[in-house]
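Please look first at the sequence and then at the model, and follow the chain slowly from one end to the other. The paragraphs below lead from the surface to the helices and then to the aromatic rings.

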Amino acid sequence: MSEAEKTSKPGFFKSVKNEFKKCTWPKKEELAKQSALVIAVSVILGVVIAGIDWVIRYGLQLMDIVS
């Protein structure tokens with residue numbers, strides 16, 4: 001590969017930087033709202049899963065399958 005070819009082709013990191021410039025980034029307020037929503041949904045889903053686990057475990061204890 002000649003020197004001209006090496007300098008004419010952008011490097012990997014330069015290409016990545018150019019692609020990041022094309023992206024539209026969310027505003028701080030929008031990012032904060034979306035992050036809070038993700039955290040809230042994760043907590044709610046965790047509580048739901050824990051509740052289902054508790055109900056199943058309680059049911060199995062009533063049937064004397066699990067101690």
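Of the 67 residues in this chain, 0% count as buried, where buried means under 20% relative accessible area, exposed means over 50% and partly exposed lies in between, all judged with a 1.4 Å probe and with protein chains only. The accessible surface of the chain comes to about 6500 Å², and 68% of that surface belongs to carbon and sulfur atoms; such areas come from the Shrake-Rupley method with a 1.4 Å probe, and for residues only the protein chains shown count as cover. The model is a predicted one, in which local features need pLDDT of at least 70 and side-chain atom pairs count only at pLDDT 80 or more, while totals for chains, interfaces and linings use all residues. Residues are numbered from 1 along each chain as its sequence is written, and side-chain values use heavy atoms, with hydrogens and water left out.

The secondary structure consists of three helices and zero strands, so that the order from the N terminus is α-α-α; helices (H or I, at least four residues) and strands (E, at least two) are DSSP runs, numbered from the N terminus. Helix 3 covers residues 28-62, and its 35 residues, at 1.5 Å a residue, should span 51 Å, which agrees with the 51 Å between its end C-alpha atoms; the expected span is 1.5 Å times one less than the number of residues. After helix 3 comes D64, whose phi is positive, near 60°.

On the surface, I44, L45, V48, I49, I52 and I56 form a nonpolar patch with about 570 Å² of accessible area together. A patch is made of residues with over 30% relative accessible area and no salt bridge, in which like charges are joined within 9 Å and nonpolar side chains (Val, Leu, Ile, Met, Phe, Trp, Tyr) within 5 Å; a salt bridge is a side-chain nitrogen of Lys or Arg within 4 Å of a carboxyl oxygen of Asp or Glu. I56, which is found in helix 3, is partly exposed at 48%.

Rings of Phe, Tyr and Trp (its six-membered ring) pair if their centres lie within 6.5 Å, and planes under 30 degrees apart count as stacked, over 60 as edge-to-face and the rest as tilted. By this rule there are three aromatic pairs. One of them joins F12 and F13 edge-to-face, with 5.3 Å centre to centre and 75° between the planes. The rings of W54 and Y58 are stacked, because their centres are 5.3 Å apart and their planes lie at 10°. W54 and Y58 are four residues apart in helix 3, and are therefore separated by about one helical turn.
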